[in-house]
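Subject: Handover of a structure and its findings

Dear colleague,

Please find below the structure that I am passing on to you. My notes on it follow directly after.

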Amino acid sequence: MAQKKYWRCKVCGDIHYGVNPPKECPTCHADEAYEEISSAEAKKLLKL
Ligand SMILES: [Zn+2]
């Protein structure tokens, strides 16, 4: 089973949770701008 991870767009900071990052950012439309971040970092960014 593939594990879901957190991804962040390097351009606009959009957070995506899934097995793979989106090819194109739905917010700023940058191509392949997502980088993997830790769940701790994602929670901090999302203020959970
Ligand atoms: Zn973006």
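A residue is called buried under 20% relative accessible area, exposed over 50%, and partly exposed in between, with a 1.4 Å probe and protein chains only. By that scale cysteine 9 is buried, its relative accessible area being 1%. Of the 48 residues of the chain, 25% count as buried.

Two remarks on the basis of these notes are needed. The model is predicted: local features need pLDDT of at least 70 and side-chain atom pairs count only at pLDDT 80 or more, while totals for chains, interfaces and linings use all residues. Residues are numbered from 1 along each chain as its sequence is written, and side-chain values use heavy atoms, with hydrogens and water left out.

Overall architecture

The chain has one helix and three strands; helices (H or I, at least four residues) and strands (E, at least two) are DSSP runs, numbered from the N terminus. From the N terminus on, these elements follow one another as β-β-β-α. The C-alpha trace spans about 30 × 25 × 15 Å along its principal axes.

The strands form an open sheet of three in the order E2-E1-E3, with antiparallel pairing. E2 and E3 are the edge strands, each pairing on one side only. On average, neighbouring strands of this sheet are turned by 35° against each other, direction ignored; the axes are lines fitted to C-alpha atoms, for helices over the stretch in contact, and angles run from 0 to 180 degrees between N-to-C directions.

Two strands count as paired if DSSP finds at least two bridges between them; E1 and E2 pair in the antiparallel sense over four. Tyrosine 6 has tyrosine 17 in E2 as its bridge partner, and arginine 8 has isoleucine 15 in E2. E1 and E2 form a hairpin with five residues between them, and glycine 13 in the turn has a positive phi of about 85°.

The zinc site

Which residues are the protein donors of the zinc ion? They are Cys9 (SG), Cys12 (SG), Cys25 (SG) and Cys28 (SG), lying 2.3 Å from the ion. Donors are N, O and S atoms within 2.8 Å of the metal (3.2 Å for Na, K and Ca); water is not among the atoms, so sites may look incomplete. The angles among the four donor atoms are 106 to 113°, and the site is tetrahedral, a label that requires all angles of four donors to lie between 85 and 135 degrees. In sequence the donor residues are spaced C-x2-C-x12-C-x2-C. Cysteine 12 lies in the loop between strand E1 (5–9) and strand E2 (15–18), and cysteine 28 in the loop between E2 and strand E3 (34–37), so this pair ties together parts that are 16 residues apart in sequence.

Cysteine 12 is partly exposed at 36% relative accessible area, and cysteine 28 is also partly exposed, at 27%. Cysteine 9 is found in strand E1. Not counting residues up to four places away in sequence, cysteine 9 touches Asp14, Cys25, Cys28, Ala33 and Tyr34, where contact means heavy atoms within 4.5 Å.

Arginine 8

Arginine 8 is found in strand E1. The side chains of arginine 8 and glutamate 41 are joined by a polar contact of 3.2 Å. Such a contact is a pair of N or O atoms within 3.5 Å; within protein, one must be able to donate a hydrogen and the other to accept it, and residues adjacent in sequence count only if both atoms are side-chain atoms. Leaving aside neighbours within four places in sequence, residues in contact with arginine 8 include Gly13, Tyr34, Ile37 and Leu45.

With kind regards

Definitions and conventions. Tetrahedral: all angles 85-135°; square planar, octahedral: opposite > 155°, others 65-115°.
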